[in-house]
Amino acid sequence: MTKHTLALQAAELQINLAFRQLETAKLQLQKGEIYPSDVTAAELPYLQALENREGVSRDRYLQILEMLMLMNESLLSYFE
């Protein structure tokens with residue numbers, strides 16, 4: 001597997017874990033076991049995990065654009 005694929009899988013796992021923790025916190029709030037601020041605190045890792053996945057995807061997109069640019073530059077000499 002490529003480095004990007006592994007990074008994307010890790011990001012997805014982080015999202016799933018943070019989501020489960022957030023849902024657990026919401027259930028605890030419904031039961032009166034924790035405060036609303038605790039749920040807010042549980043949202044932060046989830047939002048950070050989402051942002052991390054977006055960063056991984058954006059980095060891969062930029063890598064692809066760079067490879068295409070290099071490929072186009074190398075092919076340019078054939079058309080001159």
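**Exercise 1.** At roughly what angle do the axes of helix α1 and α2 cross, and within what distance do they come? State the relative orientation and the handedness.

*Solution.* The model is a predicted one. Step 1: helix α1 covers residues 3-30, and its axis comes within 9 Å of that of α2, with a crossing of roughly 165°. Step 2: angles over 145 degrees count as roughly antiparallel, so α1 is roughly antiparallel to α2. Step 3: the crossing of the two helices, α1 and α2, is left-handed.

**Exercise 2.** Find the salt bridges in the whole structure and describe where the partners lie.

*Solution.* Step 1: the search returns two salt bridges. Step 2: one joins the side chains of Arg 53 and Glu 12, at 3.0 Å from N to O. This pair links distant parts of the chain, since Arg 53 belongs to helix α2 and Glu 12 to helix α1, 41 residues apart. Step 3: Glu 23 and Lys 26 also meet through their side chains, at 3.6 Å from N to O. Both sit in helix α1, three residues apart, and are therefore separated by about one helical turn.

**Exercise 3.** Which nonpolar surface patch includes Leu 68, and what accessible area does the patch have?

*Solution.* Step 1: Leu 68 lies in helix α2, residues 36-76. Step 2: with a relative accessible area of 39%, Leu 68 is partly exposed. Step 3: the patch also includes Tyr 61, Met 71 and Phe 79, among others, and its residues together have about 1100 Å² of accessible area.

Methods. Residues numbered from 1 in each chain as written. Predicted model: local features only at pLDDT ≥ 70, side-chain atom pairs only at ≥ 80, totals over all residues. Heavy atoms only, no water. Patch = residues over 30% accessible without salt bridge, like charges linked within 9 Å, V, L, I, M, F, W, Y side chains within 5 Å. Areas by Shrake-Rupley, 256 points an atom, 1.4 Å probe, with all protein chains shown as cover. Salt bridge = Lys/Arg side-chain N within 4 Å of Asp/Glu carboxyl O. Helix = DSSP H or I, 4+ residues; strand = E, 2+ residues; numbered from the N terminus. Buried < 20%, exposed > 50% of the residue type's maximum accessible area, 1.4 Å probe, protein only. Axes fitted to C-alpha atoms, helices over the stretch in contact; angles between N-to-C directions. Parallel < 35°, antiparallel > 145°, perpendicular 65-115°, else oblique. Left-handed = near helix turned anticlockwise from the far one by under 90°.
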